[in-house]
Amino acid sequence: MLSSIVRRLLQTIGVVLVMSALVFAALYLIGDPVSMLASPEATEAERELIRQSLGLDLPLWHQYLIFLNKAFVHLDFGNSFLTGEPAMRLIFERMPATLELATAAMLLAVLIGVPLGIYAGLKPENFGARSVMTGSVLGFSLPNFWVGLMLIMVFAVFLHWLPAGGRGPVEAFGPIQLSVFSWEGWRSLMLPVATIATAKCALIIRVARAATRECLPLDYIKFARARGLSETRVLGVHLLKNILIPIVTIAGLEYGQVFAFAVVTETVFSWPGIGKLLIDSIITLDRPVVVAYLMLTVVFLSLLNLLVDIIYTILDPRVQSKAGA
Amino acid sequence: MCPLVSFGTFRQGPLLQTRAPSSSSPCLLDVQGLRTWFHTRAGVVKAVDGVCLQLKQGEILGLVGESGCGKTITGFSLMNLVDKPGRIRAERLFFDGRDLQALSAKEYRALRGNEMAMIFQDPMMTLNPTLRVDTQMIETVQAHESVSRRAARARSIDMLVKVGIPAPEERMCVYPHHLSGGMRQRIAIAIALLNSPKLIIADEPTTALDVTIQGQILYEVQKLCREMGTALIWITHDLAIVSGLADRLAVMYAGRIVETAPTADIIRGARHAYTHGLMASIPTFDTRGKNLFQIPGSTPSPLNMPEGCPFRTRCYRATPQCVHEPVFEETAPAHGVSCWHPGIAA
Amino acid sequence: MDIALESPAVRAKRESMLRVFAEQFLSSKLAVLGLILLVLFLCLAILAPWIAPQNPFDIGTLKIMDSKLPPGSASSSGAMTHWLGTDGQARDVFSAILYGLRISLVVGLVSVSLAFAIGATVGLVSAYFGGRTDALLMRIVDIQLSFPAILVALVLLAVLGKGVDKVIYALVAVQWAYFARAARGAAIVERNKEYVQAARCMSLSWQRILWRHLFPNCIPPLMVIATIDLAHAIALEATLSFLGVGVPVTEPSLGMLISNGFEFMMSGAYWIAFFPGIALALVVVAINLVGDHLRDIFNPRNEI
C-alpha cells in the first residue's frame with residue numbers, strides 16, 4: 001500500500017507542477033507581467049524597479065525557477081494591491097471561514113442524504129421514494145445563488161428569523177478563528193450552509209440510492225437475512241459498509257468542489273471567506289491574490305484527491321490487497 | 001451389480017452408509033401444495049407450482065432438477081426469503097410442528113439461522129466482502145442467543161475446526177476475499193451449523209467449486225449432518241452427485257415435484273418419464289462410445305406452461321389424458337409420482 | 001464504395017426504434033412537463049420583441065417615476081400594467097425577463113453546441129487513434145474535469161474581460177471535457193466491433209470511419225450530456241453574471257437581472273430579483289427534468 005501512496009503523491013506533485021507552469025505562462029508570457037504584478041498607479045520608475053526585481057531579462061526557465069522558488073519555498077506571491085499585505089497571509093486569514101462553511105455543509109449533506117438515499121433505494125416505487133428523487137432533481141438543478149436568495153427572502157426578509165448575511169462572532173480554536181462556538185455563530189451559519197447543502201445533499205441521495213439498488217439484490221444481503229440477522233443490522237452494517245465506499249469517494253471529491261464553489265455562497269451571504277476574497281480581487285484586479293488563490297486551490301484539490309484515494313483503500317479491503325500485492 | 005455401488009466407485013472419497021432413520025420418527029418438515037408465484041408486469045410467473053415435500057429428523061433429501069425448474073425458489077420459499085413481487089402460498093407448511101404461514105416476520109426471523117439454515121451456491125458472493133469472517137460468524141451467534149462475544153468466538157472456532165479449516169484463529173481474522181472458494185464455502189457451512197439447526201437447505205453448494213473440492217465438501221457435510229442429527233435438503237442439478245449422499249430424492253420439473261422416493265428406489269426403478277430421461281442422460285461405463293441420450297424438446301417458459309402435466313410436450317408416454325393435471329400418488333411405500341402413466345422405463 | 005444504402009428492413013427498424021423512444025419518453029409525466037415548459041420558454045424568448053409590452057433597454061421609454069412599482073400596478077401614463085412590477089430604473093420586469101431569457105438561452109445553446117462539436121471531435125479522435133494520443137488527450141480531460149467549473153470560468157473571464165462572447169468562450173472551455181469523455185467512451189465500445197475493423201481493412205479514410213461509423217453510436221449519450229449541460233451552462237452563466245463577471249450591463253441575462261435586484265431585496269422590493277429568479281429556476285429545472293429522463297432511457301443502469 002505504501003508504494004501506491006508514494007506513486008499517487010508523485011502524480012500529485014506532477015499535476016501541481018504542471019498547473020504552476022500554466023499559471024506562470026499565463027502571467028509571464030501573456031501580457032505584460034509588470035502591469036500584471038504592479039499596481040496600476042505605479043510610476044514608470046517603479047515599474048522599472050519591478051521589472052528588474054522580476055528578473056525579466058533572465059532566460060525563461062530561470063524566471064520559472066524563481067517563480068517556483070518564491071511560490072513554494074517562501075510562499076511569497078507578492079503583496080495585495082489593495083491592502084499591501086502579503087497575498088498568502090490574506091488567504092490564510094480568510095480560509096477558516098470557508099472551511100467552516102464547507103465542512104458543515106458536507107456533514108449536513110451526508111447526514112441527511114445517506115438515510116434518504118437508502119430509503120429511496122429500498123422501496124423505489126414508493127411515493128415517498130419518488131418524491132425524494134424528484135426533490136433531488138430540483139436540488140441539484142437549481143442554481144446555488146438562487147437557492148441562497150430564496151432562503152434569504154423567506155427566512156431573513158419575511159420571517160426575520162435568521163440574519164441575511166455576515167459571519168457570527170468568532171473565537172479562537174488553536175491557531176484559527178471559528179464561529180461555531182456560539183448560538184449567534186450558528187444562526188449566521190445556517191442559511192449559507194443550507195444553500196450549499198441542498199445541491200450536495202441531492203447528489204448524495206442519488207449516489208446512495210444507486211449504490212443501495214446495486215447492493216440489495218446481492219447474495220450476501222440475502223445470506224445475512226437467511227441467518228436471521230435483524231433488518232437493522234442487515235441495512236445498518238452489511239449494506240451501509242458497502243455503500244459507504246462510493247459515498248465517501250464522492251463526498252470527498254465534492255468537498256473540493258464546495259470549497260471552490262463557496263465563491264457564490266460567500267458573495268450572496270457576504271461571508272468573509274476566501275471565495276469572496278477571490279471575487280473582490282478579480283473585480284479590483286488585485287492579481288497577486290488571484291495567483292495565490294489559484295496555487296492554493298490547485299494544491300488543496302490535488303491533496304484532497306490523494307486523501308480520497310487513500311481513504312478508499314482503507315475502506316475497501318479488496319482494493320488493499322490488490323494495491324499491496 | 002447394485003447400481004448404488006457403481007455410482008459410488010467413480011466419486012471421490014469413501015462412501016458412507018446411507019442409513020435412513022426409522023419411519024416411525026415424526027415429520028420435521030411437512031410441505032403440501034407449495035406455490036410461489038411472481039406477479040410481474042409481463043404476467044404471472046409460476047416459479048413453484050405445487051411442491052410436496054416431507055422430511056424426517058436427520059434425513060437427507062436430494063432435490064434434483066434442471067436449471068430454472070424452481071428448486072432454488074423452493075428453498076427460498078421455505079425460508080421466507082422470496083422478494084416481491086413473489087408470493088408464497090401453501091396448503092400445508094409445517095416445520096417442527098409449527099405452522100410457518102402463521103408466523104410473524106419477527107418469529108420467522110428468529111427461526112432463520114437458528115433452527116433452519118441455508119447455504120448458498122456462490123461462495124464468492126455469500127460473505128460480505130467488507131466485513132471480517134469473525135464478525136460475520138459472531139453476529140450469527142449473537143442474533144439468536146445472548147452470549148458474550150468471547151463465547152460466540154469460541155463457538156465459531158470450534159465449528160471451523162469441525163468443517164476442516166486449518167488454523168481457524170488466524171483464518172477468522174481475515175476478509176473473505178483472502179480465502180479460496182472451497183474455504184469460503186466451508187465457512188458458509190460452518191455458519192449454517194453454528195446454532196445447531198434442525199434443517200439445513202443447501203442450494204447447489206458445490207456447483208461453483210472444483211471437482212476435487214466438491215467431493216471433500218460432500219463428504220464433510222454428510223458426516224456433520226449425521227453427527228449432529230441435522231436434516232438436509234441438498235438442491236442440485238447433478239443427479240449423480242446427490243445419489244451417493246441422500247436418503248431420499250425428489251425430482252422437480254417446471255415448478256412441481258414429479259417423483260419422490262428413497263434413493264435406491266429411484267435408481268433401481270424410477271417411474272416418471274422425466275426421471276428416466278435424467279438417468280439416461282448420465283454418462284456411465286455402459287454408455288461409452290455411444291451417443292448420449294437427450295430428452296427431446298426444451299423446458300417450457302414459466303410464463304407459458306402447457307395445460308395439465310408440464311412434461312407432456314416432451315414425454316414419450318403422453319396421451320390425451322395428460323391435459324388434465326396429474327395427481328401426486330404413492331405407487332409404492334414412500335414412492336410418490338405425479339403421472340397418469342407411471343412405470344419402469346421401457 | 002458507399003456503405004450507406006438503407007434497405008427497407010433497416011429503415012423500418014429505425015422508425016420503430018423512434019417510436020419506442022417516443023413511447024419511453026412520454027412515459028414520464030414530469031419529463032413531458034419539462035419539455036412543454038422548455039418549448040414555451042423558447043417561444044417566449046424568440047417572440048420577445050413582439051410580446052414584451054416595453055423594450056426595457058430603450059432608455060427613452062422609461063420614466064423615473066415608475067421605478068420600483070410593485071407587481072400589478074399601472075404605469076404613470078396608464079398605458080400598460082406592470083404585471084410583475086418595475087425595477088430600480090423603471091424597467092418593466094416582465095419585459096426584462098423576456099429579453100434576459102433571450103440572452104440566457106442564446107449563451108447556453110451556443111456554448112453547448114460549440115462544446116459538443118469540440119468535445120465530440122476530441123473524444124472520437126482519441127478513441128480512434130488510441131495509444132499515446134488517447135492517453136494524452138484523456139489526461140488533459142481528466143485534469144480539466146478535476147477542477148471546479150466555476151474556478152476555471154472565473155479565471156478565464158478575469159483574463160479575457162467582460163462580454164457575451166467572452167462568457168461563451170469560458171463556458172465552452174469548461175464544458176468540452178464532459179463531451180470528450182462521453183464521446184470517447186461510446187466510441188471505444190464501437191471501435192472494437194468487427195465492422196469497424198473491416199472498414200479499416202478496406203482502407204477507408206479515418207475521417208469517414210470516424211463520422212460515419214463511430215459518431216452515430218455516440219449520439220445517444222452525447223444528447224443526454226448536451227441536455228444536462230445546457231442547464232448547467234445557463235445556471236453557470238447566471239452565476240457568473242450574478243457575481244458581476246459575466247455579461248455586461250447592456251445585455252443583461254437573467255443572472256444579471258437577479259444581481260441588480262439583490263440590493264433591493266432587503267428594502268422590500270423583492271419582485272425585482274424574485275421573478276427573474278423564478279424564470280431562471282423554471283428554465284433550468286425544465287431542462288433537467290428532460291435530461292434526467294433521457295438519461296434513464298439511454299442508460300437504465302447508470303442511475304446517478
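What is the mean pLDDT of chain B, and what percentage of its residues reach 70 or more? The mean is 82, and 92% of the residues in chain B reach 70 or more. Do keep in mind that this is a predicted model.

**Confidence along chain B**
- Among the elements of chain B, strand E7 (residues 116–119) has the highest mean pLDDT, at 92.
- At the other end of the scale sits helix H1 (residues 3–9) of chain B, whose mean pLDDT of 36 is the lowest among the chain's elements.
- Over residues 1–24 of chain B, pLDDT stays under 50. For this stretch the model has 29 contacts beyond four places in sequence.

**Where chain B meets chain A**
- On the chain B side, 25 residues are in contact with 19 residues of chain A.
- Three helices of chain B each supply at least two residues of the side that touches chain A: H3 (105–111), H4 (123–126) and H5 (133–144).
- H5(B) gives the largest share of that side, with 4 residues.
- By residue class, the side of chain B that touches chain A divides into 12 nonpolar, 9 polar and 4 charged residues.

**Helix H7 of chain C**
- Spanning residues 164–191, H7(C) has 28 residues. From first C-alpha to last, H7(C) reaches 39 Å, close to the 40 Å expected at 1.5 Å a residue.
- There is a bend of about 35° in H7(C), located at C:Gln175.
- H7(C) is mostly covered, with 20 of its 28 residues buried.

Conventions. Residues are numbered from 1 along each chain as its sequence is written. Chains are lettered from A and ligands numbered from 1 in the order in which they are written. This is a predicted model: local features need pLDDT of at least 70, side-chain atom pairs count only at pLDDT 80 or more; totals for chains, interfaces and linings use all residues. The expected span of a helix is 1.5 Å times one less than its number of residues. The bend at a residue is the angle between axes fitted to the seven residues ending there and the seven starting there. A residue is buried if 20 or more other C-beta atoms lie within 10 Å of its own, exposed if 12 or fewer, and partly exposed in between; C-beta atoms are placed from the backbone. Two residues are in contact if their C-beta atoms, placed from the backbone, lie within 7 Å. Ala, Val, Leu, Ile, Met, Phe, Trp, Tyr, Cys and Pro count as nonpolar, Asp, Glu, Lys and Arg as charged, and the others, Gly among them, as polar. pLDDT is the predictor's confidence in each residue, from 0 to 100.
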